[in-house]
Every structure is written in C-alpha cells, then in structure tokens.
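Let's take a walk through this structure together, from the overall layout down to single residues. Please keep the 3D view open as you read.

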Protein chains: 2
Amino acid sequence: MPIEYQQLPRSGANHVPLSPVSFLDRTADVYGHHTALVYQSNSWTWSQVRERCIRVAHSLSERGIGPNDTVSVFAFNTPEMFESHFSVPMAGAVLNTINTRLDADTVAYILDHAESKMVIVDRGLWPVIDEALKSCSQQPEIVLIDDAFAAGEEQYEVTRKVTPYEDLVASGNPDYAWALPTDEWQAISLNYTSGTTGRPKGVVYHHRGSYLMTMGTIASWNIPHRPRYLYSVPMFHCNGWGHAWTMAAKAGTVVCLRAFEPSAFFDLLEQHHITHFGGAPIVLNMLAGVPKEQQKTFDPKIQVMTAGAPPPAAVLESMSRFGFEVMHVYGLTETYGHILQAAPQASWQGKSEAEQAELKSRQGVRFAMTEAVKVFDQDSGQQVPADGETIGEIRIRGNTVMKGYLKNKEATDEAFVGDYFASGDLAVVHSDGYIQVKDRAKDIIISGGENISSVEVENTLYKHPAVGEAAVVAMPDETWGEVPCAFVELKADHQCTDTELMSFCADNMARFKRPKKVVFGALPKTATGKIQKTVLREKVRDIVQSV
Amino acid sequence: MPIEYQQLPRSGANHVPLSPVSFLDRTADVYGHHTALVYQSNSWTWSQVRERCIRVAHSLSERGIGPNDTVSVFAFNTPEMFESHFSVPMAGAVLNTINTRLDADTVAYILDHAESKMVIVDRGLWPVIDEALKSCSQQPEIVLIDDAFAAGEEQYEVTRKVTPYEDLVASGNPDYAWALPTDEWQAISLNYTSGTTGRPKGVVYHHRGSYLMTMGTIASWNIPHRPRYLYSVPMFHCNGWGHAWTMAAKAGTVVCLRAFEPSAFFDLLEQHHITHFGGAPIVLNMLAGVPKEQQKTFDPKIQVMTAGAPPPAAVLESMSRFGFEVMHVYGLTETYGHILQAAPQASWQGKSEAEQAELKSRQGVRFAMTEAVKVFDQDSGQQVPADGETIGEIRIRGNTVMKGYLKNKEATDEAFVGDYFASGDLAVVHSDGYIQVKDRAKDIIISGGENISSVEVENTLYKHPAVGEAAVVAMPDETWGEVPCAFVELKADHQCTDTELMSFCADNMARFKRPKKVVFGALPKTATGKIQKTVLREKVRDIVQSV
C-alpha cells in the first residue's frame, strides 16, 4: 500500500490562491504609515491606498461587477491607474488597461471584444473614448478621472453621462469584505497586443502568474526594502511590467508620472530620491539627449530596467555617467513582461567598456520565476547549439506565461508549441548560455517601445483607392528605434504620392503607426505568390545605408 | 453568456508545478561557476552540486525509489545533507531528516512510521542507527557518509552492509532526465516534531510550500545577490528553515558546519566573509559567552535570523557590538519555519536601546508569503483586540502550512481550525499589529532550541517502578532557555532519589530530554482528577525565584 502522502488534502489553511493583492494587504498591515504613492503635491500611505482600493472594489461589486467581468482603464500613470491594479482584482474582476495612443476604432474593438462593463477614462483622452463609444455595441459605464494636475492640457468637454472616479471611492464601503479569488488561475488582467494579424489580441493574465512575476522580479532584480520607484513605464504595457504589484510587495514608494518629459525627468529623480525606474530604450535615448546643463548624476546608483532593442553603446555610456545601472531584459506581453535578464557576471568586470556593453546588450538568462527559456530550430524542433551563431526561435515555459488569447482559440493554439510558448523571436545562444535576439518576429515593428503590426498598417494602406498591393517592414530609426516603411504597388491607372499615403494612414489609424517612408514599385514575390519581406528588408538596409 | 476567461486551460507551457528544485537548476545554468558549497578545505560550484544531485537522484531512481517513497537522512550539516535537499526531491521522493540528538527508540519509530526505503547516515551516528535498526520492522538500505573531516571523532565500526554515499554519486548518470513533480502539492519532505503527545508527529511539506518559503524569505529578509551563508541551523530542523533552497535561489555560497563550537565560530565568520546565518537563541547566548579575546566584530553587519524565546537584552547588546543585525522570527515545524518576523520600523530608530530591544523581541508581523496570522480567543473564536494585553491563540493561514501529519488524521484534524492552522501558542497583539508570544503551548518545553514533549518525559518516568504519578513542566534556565522539571508522587512503600530518576530518564530516552529537577510530593488535581499544570508552573516560578 503506498504511503498516504497524497491523501493529505488542501484546505483553506494550507492552500491559499496566489494573488498579488495579498501584497497590498500585508504591506498596509505592516507598513501602513509608509508613503505608497506620490503624485505632484499629493501623497497617500499604504493604509490609505488599501482603503481607497477596497472602497472602489465595493463600488464595483455594488454594480454587479465581479469575476470574469472586464473593467477597462484608458488613462495615464496617475494614482487612479495604480489603484485599479488592486481595486479591480479585489472585486474579482479583470483589469483591462488600454494603450493611450490607440485610435478610436481600435479602442472600440477592444471594448467590444473585452465586453467591458466599465471604462475608467482620463478627461485628456475624452475625444478618443467618445468616438470609440459611437461605434461600440458594448455600452460600459463611464468613470471619469479628472486630474487636477492636467490643468495645462486641453480640458475636453464631457458629453456623456459619467461617474466621477472619486465617487467610486466616496460611495464605497471601507469595510467591504473583499476576497482573494477562489482559484489562482482566475483572470486578473487583459492586455491587448498588436500581434502579427491586424486586430490586437487579448492576452489574459492570471493571479498566480502576477504573484510569481512579483516574487521573481524581487529575487532577480535584487530589489531592496522600500525602493523609491518612478513609474515611467506606461501601466498599460504588461501592467507596467507588473511593478505596481512588485512595489506593493516591497513596501516601495511609487511616484506617478502623467507624461514623460526628458528635461523634467532628472529633477524628478533627484527630488524623490528615486532608486528604481524602468523604460523603453527610447526613454534612455531621450535622457541621453537632454541638454547637459539639465542632466544630473546620481550616487548611489539608480537601478534602471530596460526592454526592447538594446540601447546603443553611446547611450549606455551616458547612462553610466548619470549613475544609472541599466539592466537589459527581454519579454513579451504574453509573458507578463520580462522573463530574461542580462544578469551581470563578476567575470565581466575586468573587460573593456565596449566588451561590457556588448555582453550587457544581450537578452540574457532567465529570471527566478521563469522555468525554461530555450532556442529551438523551427524545422527540426531541436535546441540550437550554444555557439552564438545558429539561429532558432525563443520558446518559453513558466508560470508567467499567459492563459491564452481571449476568444481566439486559433491564435492560442498556434502560440503554444508542445510545452512551450513560441515567441516568434529569433535568437542565438552564446557559449555562456546567454540568449541574444537576432531578429524580431518578422511582422512586428517596435517604434518608441510600442508594437506596430505591419499587417495593420498594410490593411490601412489597402483602404486607399490607389493601392494595389502593400507590404510594410521595419526601418531602423535613430529616434524611435524602428519605424514602418511601406512598399506599395499602385493600381494600374492610379496615381498617388508618398505624403498622401502617409497622411491617409495618419487619419485612419493611430497616428504613430503611420509609415515614415513609402517606396513605390512592384513587390518581390515567391513562386507561390507570397510577398518576400526578406527582400524588402534588404532594400530597407540599402536605403538606410545610402542616406 | 459569461466571457470565456475561465475556458483558457492550464498547459505545460503556462502552468509549471512550483518546486524549489527549479532554483538549483536555474542557478547552475546562470551562475554555474560560482562556489555553492564550502566544507573545510573542499568546495563545489553550483554546476558541480547540480551534477552530484542528478547523479544521486538517478541512483535512487535505479533502486525504484520515487514519488511518495521516503529517504531518511540522519546526519550533520555536511555537503551530503545539503545535497539531499535537492537529490531526493529530484527523484520525486520525500526527504526525511532526523534530529541527530534523538535516541535509538525514537529513530526506530520514525523509520518505521515513515516507511523509509533508505537511510543516509553519518558514521558518527552509527551506534544510534544500529540500535534503532534492531527494533525496526522497516529495513531500509543504509548509505554511509564517511566524513574525512570527522577524524577527531570516535570512528565507529560499521557492522552492517552499507553503500558508501560517494557510490550513489559515482554510479549515477549525470544525464539522468530528472523531472519536477507533476503536482506541486506532492510531498517534498517529512519532519518529525515532538508534539503534545509522546510520539513525534510527521509533518509533511509540499513542493509548492518550499518554493514559496524561499521566495517569501528572500523578499522579507531582504537577501541580496550571492549571500555567504554559514549553515549553523541544523538542516534537520524544518529543513534548516528552508535556507538550502533559499541559498540556491540567490546563488549564495553555503558554508557547512558539522558541529557548532562557539569559539571557532567567529573565525569561520571572518574566514568565509559570512553575510548571513541563523541560530536558536542558545547559539547567540553561547557566542555572547565566548571569551572576549576570541570575539570579533564585523562591518558591514552580518544578518542573523533567530527563532524561539527572545534573546535577553544583554545578549542582544553583545550581538549589536559584534556587528550582528539580529532579526527575531517565529514559526513552527508545521509552518516550514519562520512565518512572523520582528520587521524593524523606521520609527524605532529614535528610541532607546532598551525600548528597541523590547520592540525587536516581539515575534512580529507576517512574512511576504504568509497570508494571515491572527490571534483568536479560543472560546469565542473572535480575534482578540490589539491592546497588548488580551491573550489568544496564534492561528496561521498560508501556503507554507504543512499538508498535515502523516498517518495521523486525528492530530491533523485537530490542528486545523476552520481555515487556520492552530499553533497552540498563546499571544497578544500590540497596537502596532506586532504579535508577541506570551506562553508556549502548555506541554512543550523548548530547551536549547529543541522541542521536548513533557508527555514523553512523563511516559519515561512512569516506566520507573517507584513512580506513581508524574507531571513535567518547563523551568526557566539561563543556559538552555527552558529545561524539564518533574513533579513526582511515589508509589506507596517505594523510595527513590531525584538523581536516580534523572539517570533513569537519561538512560531511557534522548539524554537532553531528562528532567533537570525533580520535586516529590502529591500532585494538585482538578475536581475531575486532571493534574493542574498551571499550579505546577506557579510552583516552578516560586522555586526559581527563591534560588
């Protein structure tokens, strides 16, 4: 008879669903008097933040919003956005943060696809949400964030019935008996990502994953007690890389940032004694470009997490001069953000600046919560040798891999290959085990930290009456990292200029997604008639080099 | 129709069972060249430790040892003991470490109760295991640790067929395809604890809990990258407070310690640049008592975790002088070790040394992985007010609460009250939320960090022909914290001395459990005939005060 180890059952005492909301609760208990949030001249303690979140959770619950209901937030990195990361899950609901740069059509698509019951929107984004709601079949309750510190911006008139955000707080019961999810696999958030198809896909996170993302980030980014964190990463990107939850776990102080302005950034770092921040390479580029007299240097060093294309050596050098310890990470929306890190090795210290920059620019090795990241030959399904040369696809296994794409079984099935999530990113493995991305999934353009689907741009181009065929690929750009470059074959007997097509795109989709260059001519095709993007990329390379 | 959030299933890609073995695998991948283990003049890298563990796991598996099979280890804190924390779970089996101070009878009971398939034993403990196996119905394979650095100890002759530990390593396949458990609820270890009954109870840990213990300890003990840890806590206590797994997760260097010797301890701290260690208050007491000329002071400070009775102010003062940052924690075998910590608050810094010592001596607030610790009135079931006065029972909920007691449904059912594990410890809650233990569960005596069940001592006393009735309670002791004090009523017409009874106990149970004082006389009883231990405790108080 087998020994009864397996007969000892789970109970409410020894098996509690993992949820990052637990971190807020503990920190409010233990460090309740500590400053949790700072925004301009306002600040709130952890105890106050918890109370505000419980009140909002109660207000949601009073409206019948609970498990598997979506609450969308279309807002900047203000305290309301931070609070939503706790209040919405406290009500059991699913937080859907929407990229503030999206166009009304895409926002409408998201609200409908997510079946949003409520949308919390910043007044500064009113025209977009108003336009979006016109074409929406979903009619969510609108909650308005009226930011007193946005006085310098245009004050759009609100033309629909809205609930002020502070009413959710004021009318909520601070003694509301919120509860952890009964199942840690329950959805906690929904993040739309531009995939390789035109319409964004809804990536679903679960409570377990967000809890473990926090724990692994603390362990592998080596976050000390009570960090002081400047929230420069938009919280609509992978829930701000999960850092709202992470800062709660470490009783940090989070400084909110409505809009990134490079010249004011140094003052903020100094004023708030910031110890940690994150940002896309474009943020680092812009900081490096700030006039010397506005730059500041810091000691002790500030820990900086950056993701995306590796910053150029010159930028890294500036970072080093500022006293920024930059850690390059890699991840996708589908993996809750960072799952690889260019973890520095003691052996690197003897090397030259250039060698170190090269080593640090690799995407690196896995975080503590990441179970496996391997590079596979896509044809043979075998791991590539660690020779720094053989290219394969990055595949990931771990508890911070999404549940799947919402209402998109086909894409979900395609994303999971065996026991791995297939990233679509191509990489090599170096002899020290560090992974380096060699090529992005072919259809994605990363511009200023934003994903742009080439297919979406193509689809917009196809709407123009003069366009016969179109293909869009990434073009390297000093400011944005990459920008879309369109190759267009006009219909016979039609005429059109490049500026005309660029304006057309700007008017018919999020402006930042428009092509920055249009090249006319016949498109190269395979024997079976498929457009050869590889050839187009070579053309782009020639164009860039000839400049 | 509800939105399909819940229809996105778990898969091998996005749901991996949590197990602390993952930390060894990652650290060996990422920091393979770093020193993992140091023992005397030997050392091993993380890569080497992983290989040795895989080899041992393979050897276990070749013997048919797998999930739900028990492997007992009766050994000191040598590298083999450390490795067992990974190799045994890698084979899917359950690690049962046995207190090296136990007597043969209890060891035999454990081997039989655990149905051990193998016992890994240090030659220095041979007489005990040999004696134990004589009365065992279980006949496990014996694996011998022959420690070259135990040359100064008595070299017991091995009188049974044994497998040298290094044979397990040498014959194992380094490419063995070990696997994580298929279910994170699977048992990882079995720790026997002296409960309130005479026979020890087998506390079962699961992989999930040990993983989360590690993550929460990193977050709340604020462990930096690559700590240098001196393993002074016996690994047979709650798996050494889980620190073997924690050090793997942080790529630490672990210095093994066969036996604690206070005078050599300072040299070890200095020689190995130790940053962290743990120890029962007795360890701190003994360090404070080391002759001044052998003491050393450290800067930067060494982080010290201590559990059990709070160290006296004088000891804390010595610790502070040495440069030890002592954090007082609280936990039980049933909670994988520490679940409360006297987390220091910034507001304490302005206070006097004495006030700080008082604040730090409390058991404190919960660790990051601990979901809830509350103090309940045992009669009403209500939480006691946070007034620092009202006493109630500490109850705990979290993922580091045991699965239950092995093959002891009655004790398991009794231990779980509603959604909590009932600790049996009595405490108050202060106005700042910090918990302070006021009284131990009435039947347990904590002597030099070891639990002694008063019932077990009583049972031994009852075996003496002259003893009519016996009751044992704790007596405060400067050296050991507490020692057993026996109250004995002799049978009519029988005579016996106190030294005779003490010798009898020393000969018939683990020596350290013998009473240090025996008081003769009639025992106080309730109306229903139950011995009133409360009255005996008052008597002890009078005895101690009159000394």
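Some ground rules come before the tour. This is a predicted model, in which local features need pLDDT of at least 70 and side-chain atom pairs count only at pLDDT 80 or more, while totals for chains, interfaces and linings use all residues. Residues are numbered from 1 along each chain as its sequence is written, and chains are lettered from A and ligands numbered from 1 in the order in which they are written.

Begin with how the two chains relate. The same surface serves both copies, as 100% of the contact residues of chain B recur in chain A. Here two residues are in contact if their C-beta atoms, placed from the backbone, lie within 7 Å.

How many residues does the contact take from each chain? It takes 53 residues from chain B and 53 residues from chain A. On the side of chain B that touches chain A, helix 1 (21-30), helix 7 (207-220), strand 16 (365-366), strand 18 and strand 21 each supply at least two residues. Helix 1 of chain B gives the largest share, five residues. (Helices are DSSP runs of H or I with at least four residues, strands are runs of E with at least two, and both are numbered from the N terminus.) By class, this side of chain B has 26 nonpolar, 15 polar and twelve charged residues. In that count, Ala, Val, Leu, Ile, Met, Phe, Trp, Tyr, Cys and Pro are nonpolar, Asp, Glu, Lys and Arg are charged, and the others, Gly among them, are polar.

Now turn to chain A on its own. It is divided into domain 1 (21-259) and domain 2 (445-546), with bounds that come from an automatic or database domain assignment. Taken over C-alpha atoms, the centres of these two domains are 35 Å apart.

Chain A also holds an open sheet of nine strands in the order 2-1-11-10-12-13-14-15-16, with mixed pairing; two strands pair if DSSP finds at least two bridges between them. At the edges are strand 2 (42-45) and strand 16 (365-366), each pairing on one side only. Within the sheet, strand 13 (residues 302-307) and strand 14 (residues 324-332) of chain A run parallel and are joined by six bridges. One bridge to pick out is that of I302(A), whose partner in strand 14 is F324(A).

Is helix 2 (residues 46-62) of chain A mostly covered or mostly uncovered? It is mostly covered, with twelve of its 17 residues buried. A residue is buried if 20 or more other C-beta atoms lie within 10 Å of its own, exposed if 12 or fewer, and partly exposed in between, with C-beta atoms placed from the backbone. Among the buried residues of helix 2 are W46(A), C53(A) and L60(A). They pack against several elements of chain A, including helix 1 (21-30), strand 1 (35-39) and helix 3 (79-90). Just after helix 2 comes G64(A), with a positive phi of about 80°.

In chain B, six of the seven residues of strand 18 (residues 392-398) are buried, so this strand is largely enclosed by the rest of the structure. Strand 18 pairs with strand 17 (residues 370-376) of chain B in the antiparallel sense over six bridges, and V373(B) has I396(B) as its bridge partner. Four bridges also join strand 18 to strand 21 (residues 420-429) of chain B, again antiparallel.

Finally, some backbone details. Most residues other than glycine have a negative phi, and most peptide bonds are trans. Q40(A) is not a glycine, yet has a positive phi of about 50°; this residue lies in the loop between strand 1 and strand 2 of chain A. A cis peptide bond, with omega about 5°, joins D299(A) and P300(A).
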